[in-house]
Amino acid sequence: MKEGQSKVQGLALDLVEEGKDLSLWDQGLQNKKAPLPQGVTNKMLYADVVRIAWPSMVELLLTQLASMVDLMMVGQLGAWALTSVGLTTQPKFLFMTVFQALNVGATAMVARYKGAGRPDKANLVMRQALMMTLLASVAMSFIGFFTSEWMVRFMGASDAESLAGGTIYLQIQMIGFVPMALTTVITAVLRGVGDSRTAMIYNVVANAVNVVLNYFLIYGHMGFPALGIAGASLATILGQLVAMIMAFFAVMRRKSGYLHLRLRDGFLPDQESITAIFKVGFPAMVEQLVMRAGIIIYSKTVASLGTVAFATHQVCMNVQALTFMNGQAFGVSATSLVGQCLGKRRPDMAEQYGRRTRQVGMMVALCLAACCLLFSRQIVALYNDDPQIIQLGGTILMFIAFIQPFQASQFILSGVLRGAGDTRATAVITFLTVLLVRPGLALIMVYLFHWGLPGAWVALAADQLLRSLLVWLRYRAGKWKTIKV
């Protein structure tokens with residue numbers, strides 16, 4: 001066992017020899033199904049995929065369920081409250097783009113160093129990512145706090161109640177921005193070495209804290225003040241604070257392993273690590289910025305349909321976000337496994353893992369589609385009992401069911417590309433689909449054809465279909481196997 005061997009081990013990849021180069025590409029195996037190495041079986045590969053994916057799936061599922069419960073509790077205050085929270089979603093995500101991009105780079109680099117057996121380099125990347133994220137998140141927190149009202153107004157707040165509720169909700173979110181950002185860095189590097197279980201534990205605890213505090217702070221139970229929508233936002237950031245404390249404890253208490261945060265190692269800038277993180281992360285940041293710009297245009301178009309339509313849209317987007325957990329969880333597995341394979345110079349194993357990850361994810365996607373079809377109105381009714389919202393939301397869930405297989409494939413194959421460091425291609429694809437196709441079609445469907453909210457979701461489905469096709473074509477080209485990071 002190498003010095004610093006992580007407790008996250010037992011992959012089929014550990015049984016194969018390290019490659020000398022990327023000669024498999026030159027041999028033309030990029031367009032063929034390479035045979036499994038001796039001693040490696042299908043069962044072992046599927047087990048590796050699921051071992052990394054299931055904690056991420058549980059974490060993402062419970063996180064989104066907490067978000068759904070959060071929105072359900074807020075929804076009892078009225079449609080205006082659902083709209084208020086919905087108006088803050090994209091501005092908050094926009095501010096998250098910088099450190100999300102750093103996380104993509106950090107995950108890819110840590111996975112590579114894990115495959116190459118370099119825990120010293122992996123820990124250096126973690127410290128550099130934490131240092132850069134701290135600086136960026138403090139700046140974003142100040143900017144976001146003082147521009148909250150303007151951003152909520154810009155997003156299309158159509159009445160004073162929604163504007164006031166959205167502003168206070170977003171301001172409180174900005175106060176808790178730094179803990180959330182730092183936690184995501186630790187989550188990203190843990191996933192890079194294949195340790196998704198630790199992140200699952202602290203995120204599940206944080207979500208439980210959030211839900212419990214929602215009960216106390218939104219309605220004023222057990223002697224707490226009834227803060228309404230402000231209480232929901234405060235409960236969220238307190239839960240994030242708990243997650244940050246647990247995350248730092250997890251990486252600082254380790255006596256060995258690829259990830260062990262020691263303050264005495266220092267946080268001075270390291271040019272090589274920063275350059276490597278930005279090489280992978282910068283295209284991801286461009287992708288996220290483009291995505292947020294497109295979604296903001298799209299959201300403003302939907303907001304123009306009125307409070308009821310936008311409240312319904314927010315409910316359905318929340319349900320769709322729950323279905324993301326499938327593609328995201330297996331995307332995490334793909335990123336970690338592909339990164340480790342390429343770090344070990346085994347693109348053939350990266351291909352094997354990528355194929356099986358997609359197969360399992362597609363099976364789960366079909367199950368999610370069936371649930372959306374069978375229980376569409378019952379799901380929407382959990383958020384609000386307005387008959388208009390239930391009827392319209394039930395229709396929109398049909399769209400969500402339809403896009404499930406394509407959405408899962410897109411997330412997983414994007415995870416493969418991220419693990420390989422191929423983030424430029426996904427940035428270009430996002431530019432074409434999210435910035436041009438989705439908002440462009442939404443404007444046509446809503447204002448020219450007057451199809452209302454269903455028209456906006458036709459545009460979203462078209463975006464997902466085209467993006468899935470383009471990501472699949474990039475994956476099939478195989479160039480990701482030879483990218484240097």
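This is a predicted model: local features need pLDDT of at least 70, side-chain atom pairs count only at pLDDT 80 or more; totals for chains, interfaces and linings use all residues.
Now, how are the rings of Phe402 and Phe406 placed? Their centres are 5.8 Å apart and their planes lie at 50°, so we call this pair tilted. And are these two residues buried, exposed or partly exposed? Phe402 has a relative accessibility of 46%, so it counts as partly exposed. Phe406 has a relative accessible area of 34% and is partly exposed too.

Here is another tilted aromatic pair, Phe449 with Trp451, where the centres are 5.7 Å apart and the angle between the planes is 35°. Phe449 is partly exposed, at 43% relative accessibility. Trp451, with a relative accessible area of 47%, is also partly exposed.

If you search the whole structure, you find 8 aromatic pairs. There is a cluster as well: ring pairs link Tyr215, Phe216 and Phe224.

Let's move to two helices, α8 and α9. Helix α8 takes in residues 196-219, and helix α9 residues 229-252. When two helices pack, we describe them by the angle between their axes and the distance between the axes. For α8 and α9, the axes come within 8 Å and cross at roughly 155°. Angles over 145 degrees count as roughly antiparallel, and α8 and α9 are therefore roughly antiparallel to each other. Their crossing is right-handed.

Which residues meet where α8 and α9 touch? On the α8 side they include Ile201, Tyr202, Val205, Val209, Leu213 and Leu217. On the α9 side, among them are Leu234, Ala235, Leu238, Val242, Met246 and Ala250. Sorted by type, the residues of this contact come out as 17 nonpolar, 7 polar and no charged.

My last stop is Ser336, which you can find in helix α11, residues 307-343. Is Ser336 buried or exposed? Its relative accessibility is 1%, so Ser336 counts as buried. And what does Ser336 touch, leaving out residues up to four places away in sequence? The list is Ile52, Ala111, Arg191, Gly192, Val193 and Gly194.

Conventions
Residues are numbered from 1 along each chain as its sequence is written. Side-chain values use heavy atoms; hydrogens and water are left out. Axes are lines fitted to C-alpha atoms, for helices over the stretch in contact, and angles run from 0 to 180 degrees between N-to-C directions. Helices (H or I, at least four residues) and strands (E, at least two) are DSSP runs, numbered from the N terminus. Angles under 35 degrees count as roughly parallel, over 145 as roughly antiparallel, 65 to 115 as roughly perpendicular and the rest as oblique. A crossing is left-handed if the near helix is turned anticlockwise from the far one by less than a right angle, and right-handed if clockwise. Contact means heavy atoms within 4.5 Å. Ala, Val, Leu, Ile, Met, Phe, Trp, Tyr, Cys and Pro count as nonpolar, Asp, Glu, Lys and Arg as charged, and the others, Gly among them, as polar. Rings of Phe, Tyr and Trp (its six-membered ring) pair if their centres lie within 6.5 Å; planes under 30 degrees apart count as stacked, over 60 as edge-to-face and the rest as tilted. Buried means under 20% relative accessible area, exposed over 50%, partly exposed in between (1.4 Å probe, protein chains only).
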